[in-house]
Amino acid sequence: MRVTHEAPLAPMTTLGLGGPAAVLFELFDPADFPEFVALADASPGRPVCLGEGSNVVVSDAGCAGAVLRMSTKGVRMTGHTDEGRVLVEVQAGHLLGDLVDTTVAEGLTGMEMLVGIPGTTGATPVQNVGAYGQETADCLVEVTAWDWELGRMVTLDAAACGLGHRTSVFKHSRRWTLLTLVFALRRSALSTPVTYRTVAAALDVPVGSRVPLDEVAQAVLAVRRSKGMVLGCSGTDDRSVGSVFLSPEISPAQADGLRARNAPVNRFPDGSTRVSASWLIRQAGFELSTPIVTGVRVSSLHYTLVADEGATAANFTRAIELVQQEVLHRTGVRLTSELDFL
């Protein structure tokens, strides 16, 4: 474990914004976690856990308490479920992209659509990370975590994690620090059915087709790159957190009204009806590359926000508020940010 005082956090986030951590702990060996617990107890409040910083806005003032950067690595196959699915145990600091590559290479289906998503595996249950028809809830079995309220290690099954649309019991909570995760994946040379038209079009197959795992992974990567949703793919929009806003849940009456305007309204696995946040942003009059405030603009490739030279965390937060206000004024729908603010 490495301990650094007044450590700059901006270089550890994809936005490149924010002040320092009063004390930063970088955990590489899971065996050192008890030592971190003892040291963190001397800092004010519960610690903040930072993986790869791809979904956070760090305050310009930084963080006064302890910040843990989870950098543990490791994947192992631990057995099978009664249904024959392979159990895969992963350290929380293991990069999600590396895990997806491993599962595809091993011929395990269930995570192939998550290719290209940045961040650590430990972050996946926090907001039930998902894309193109797959989400963490589909394959998560359990997590092991440190419960700061109880002061001990706990194991939570998937049901106890409260996974919903981009949310969980872990979202906006510092009660738990996730340490290991177990997923159940099926052994197959073919992907789960391709349900998104854009991915099917990239593969030149009908919606619902199953294709070789490596082929669907490459197609998803191509679609994500076209939207600037793979870090480092554009050269101009790289200071990004991906999707800033959730696709908001709407009422039946709102859904009817929005469908009449040809809005993309869809039912989600959690039973909610939601409308595309990107469509709402376009309807509010924002165009690609539109400047919002100093150093913050709409991406040139996708309807999300990116940071440029001169950006601050305060300005980025203000840009979020301005987009929310204009979308509500123009469409009557309230956008919610899915970012963590530290």
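**Helix H7 and its surroundings**

Analyst: The buried residues of helix H7 pack against strand E4 (56–57), helix H6 (277–283), strand E16 (291–293), strand E17 (296–298), strand E18 (305–307) and strand E19 (340–341). Here buried means under 20% relative accessible area, exposed over 50%, and partly exposed in between (1.4 Å probe, protein chains only); contact means heavy atoms within 4.5 Å. Helices (H or I, at least four residues) and strands (E, at least two) are DSSP runs, numbered from the N terminus.

This is a predicted model, in which local features need pLDDT of at least 70 and side-chain atom pairs count only at pLDDT 80 or more, while totals for chains, interfaces and linings use all residues. Residues are numbered from 1 along each chain as its sequence is written, and side-chain values use heavy atoms, with hydrogens and water left out.

H7 itself covers residues 313–331, 19 residues in total, and runs 27 Å from its first C-alpha to its last, close to the 27 Å expected at 1.5 Å a residue. That expected span is 1.5 Å times one less than the number of residues in the helix. Its buried residues are Ala313, Phe316, Ala319, Ile320, Val323, Val327 and Thr331. They lie on the same side of H7 because they cover an arc of only 120 degrees around the axis, the arc being that of the directions from the helix axis to the C-beta atoms. An α-helix has 3.6 residues a turn, so residues three or four places apart point the same way. Just after H7, Gly332 adopts a positive phi of about 80 degrees.

In H4, Leu213, Val216, Ala217, Ala219, Val220, Leu221, Val223 and Arg224 are buried. The buried residues of H4 pack against helix H2 (96–105), strand E8 (108–109), strand E9 (130–131) and helix H3 (197–203). Just after H4, Gly228 has a positive phi of about 70 degrees. In the loop between H3 and H4 lies Asp204, which has a positive phi of about 60 degrees although it is not a glycine. Asp204 counts as exposed, at 70% relative accessibility.

The interior can be described in terms of nonpolar cores, each a set of buried Ala, Val, Leu, Ile, Met, Phe, Trp, Tyr and Cys residues joined through side-chain atoms within 4.5 Å. The largest such core has 57 residues, and those with the most contacts inside it are Phe33, Met111, Val143, Phe170, Phe183 and Val199. H4 gives the most to this core, with seven residues. A second, separate core of 34 residues includes Val57, Phe245, Ile281 and Val333. In soluble globular proteins, nonpolar side chains tend to be buried together.

Not counting residues up to four places away in sequence, Val143 touches Pro125, Val154, Thr155, Leu156, Cys161, Phe170, Leu178, Thr180 and Leu181. Thr103, in helix H2, counts as buried at 2% relative accessibility. With neighbours within four places in sequence left aside, Thr103 is in contact with Leu108, Met111 and Leu185. Gly65, in strand E5 (residues 63–70), is likewise buried, with a relative accessible area of 14%. The contacts of Gly65, again leaving aside neighbours within four places, are Ala22, Val23 and Pro44. Arg166 sits in the loop between strand E12 (152–157) and strand E13 (176–187); although it is not a glycine, Arg166 has a positive phi of about 55 degrees.

For the chain as a whole, there are seven helices and 19 strands, and buried residues make up 51% of the 342 residues. The radius of gyration is 20 Å, which agrees with the value near 20 Å for a compact globule of 342 residues; this radius is taken over C-alpha atoms, and the globule rule is 2.2 Å times the number of residues to the power 0.38. Among contacts between residues at least 6 apart in sequence, 59% join residues at least 24 apart.

An unreviewed UniProt entry lists residues 17–201 as "domain: FAD-binding PCMH-type". Positions from UniProt are in the numbering used here, feature names are shortened, and annotations may be inferred rather than shown by experiment. Over residues 17–201 the chain is 12% helix and 35% strand, with the end C-alpha atoms 37 Å apart.
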